[in-house]
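Please walk through this model with the text below.

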Amino acid sequence: MLSREILKELGNLSFQPYLVTTLYLNVSPLKNPKGEYKIIWKDMKKNLLDSLNLEGDVKKSVLSDLEYIENIVDQVSFGSANTIIIMSCSAQNWTYQIPLYPTLKNKLVIDKDPYTRPLSHLIIANKPYYLVILSKGNARVFKYFLGEIKEEGEIKEEIPKRHKQGGWEAADWQRWHETHVIWHFKEVAEFLDKKVQGEEKIVLGTTSPKNTAEFLEVLPKRLHERIIGEIPIELDSPIKEILEKTHDLIENYEENKMRELIDQLIVLSAKGKEATIGLENVAHAVHQKRVRMVLVDDQFEQPGFQCPSCSFISPYLENCPYCNIKMEKRADIVDELLEEAIIEKSELLFIKNKELSEKIENIGAFLRF
């Protein structure tokens, strides 16, 4: 499961004077039903070789990287991954692979360290979810992040069985049974309370409405507002079923949330209030440190220009309006813009629905003022 710790480890690597080759390749079966990604890879490789200006052992290492990557792209099946990230520094006999469910833009980068900016943006734009599947005497807690699910813990409690006979003794046994059930649900709530410390949301896996209702009674109030919905699921369900049901609920929740945000963005922008739409407008707002949240199509890219002095970005201006100096060409100013926004502590959300993206010209922002 992708994490900040993994990015930190990759960021601390250094193979100088050798370089690291990093490939991001969209291998989604929906986008590449006939394996078109192999053609895309070959075009990226050709363009890189045409512009390669290296010598000696450094060049030899990069060429070996490309050969290694080509073997993987041609021969490996990527399963359920929609994006495959391959990193290599052949001179140091180092390779690394990351299969991902989200679709990232195709990129081939040669640099002094692994190219992780898109992964960093992905982590910033997405928050984990916790799934709790409850039953009397047993509960399972899972963490869902970026299309993957991992079991975080199982909480068990010995629950006395109900007394089958009538009378006062049966009533005592019933109270004893219910007390243990509540103790169990409290233990689960405490476990979840320790896990959910940031902006994580919660999904409830319901085995019975009564269990859910009793659990909600002991769940801390601050966690109630984190619950986004429920899925009917059994405690011993296969992990694949658990993942699919959790994923479907989260996808629907996030798309509905995005629709609401884009509707708000359009209304505020039309009124001339704290919102703006379109790459050029967002670029000015980012430069002025006014952006609170950026909404951007997850596949949006555009060439343009960036000021070498103040980092202002524009899709068409060749001279910086702030510094009055010549701007430098950039292959993709969208990534550069997002990086500038993140530095200024702006929130970031990716739009997966093309219809929604088109409503705001692929990018928009809520402003601080």
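**The largest pocket and its surroundings**

The largest pocket has a lining of 44 residues, and nearest its centre lie Asn 126, Glu 251, Glu 254, Phe 350 and Lys 352. A pocket here is found on a 1 Å grid over the protein atoms alone: it is an open set of points where a 1.4 Å probe fits, with protein on both sides within 12 Å along at least five of seven lines, and lining residues have an atom within 4 Å of a point. This is a predicted model, in which local features need pLDDT of at least 70 and side-chain atom pairs count only at pLDDT 80 or more, while totals for chains, interfaces and linings use all residues. Residues are numbered from 1 along each chain as its sequence is written, and side-chain values use heavy atoms, with hydrogens and water left out.

The space in the largest pocket comes to about 1,100 Å³. That volume is the space filled by probe spheres set on the points, with grid points joined across faces, edges and corners. Helix H4 (117-125), strand S6 (138-145), helix H8 (239-270), strand S15 (347-351) and helix H11 (354-359) each give the lining at least two residues. H8 supplies the largest share, 10 residues. Helices (H or I, at least four residues) and strands (E, at least two) are DSSP runs, numbered from the N terminus. By type, the lining divides into 22 nonpolar, 10 polar and 12 charged residues. Nonpolar covers Ala, Val, Leu, Ile, Met, Phe, Trp, Tyr, Cys and Pro; charged covers Asp, Glu, Lys and Arg; the others, Gly among them, are polar.

Now the domains. Domain 1 spans 4-125, domain 2 spans 129-237 and domain 3 spans 259-367. These bounds come from an automatic or database domain assignment. The centres of domain 1 and domain 2, taken over C-alpha atoms, are 42 Å apart. Their contact (heavy atoms within 4.5 Å) takes 5 residues from domain 1 and 4 residues from domain 2.

Next, helix H6 (residues 209-218). Asn 211, Thr 212, Glu 214 and Phe 215 are buried there. They lie on the same side of H6, because they cover an arc of only 170° around the axis. The arc is taken from the directions from the helix axis to the C-beta atoms. Pro 209 and Glu 217, on the other side of H6, are exposed. Buried means under 20% relative accessible area, exposed over 50%, and partly exposed in between (1.4 Å probe, protein chains only).

Asp 335 sits in helix H10 (residues 333-343). With a relative accessible area of 6%, Asp 335 is buried. Beyond neighbours within four places in sequence, Asp 335 contacts Lys 105, Lys 107, Tyr 115, Arg 117 and His 121. Glu 55 lies in the loop between helix H2 (37-51) and helix H3 (56-75). Glu 55 counts as exposed, at 68% relative accessibility.
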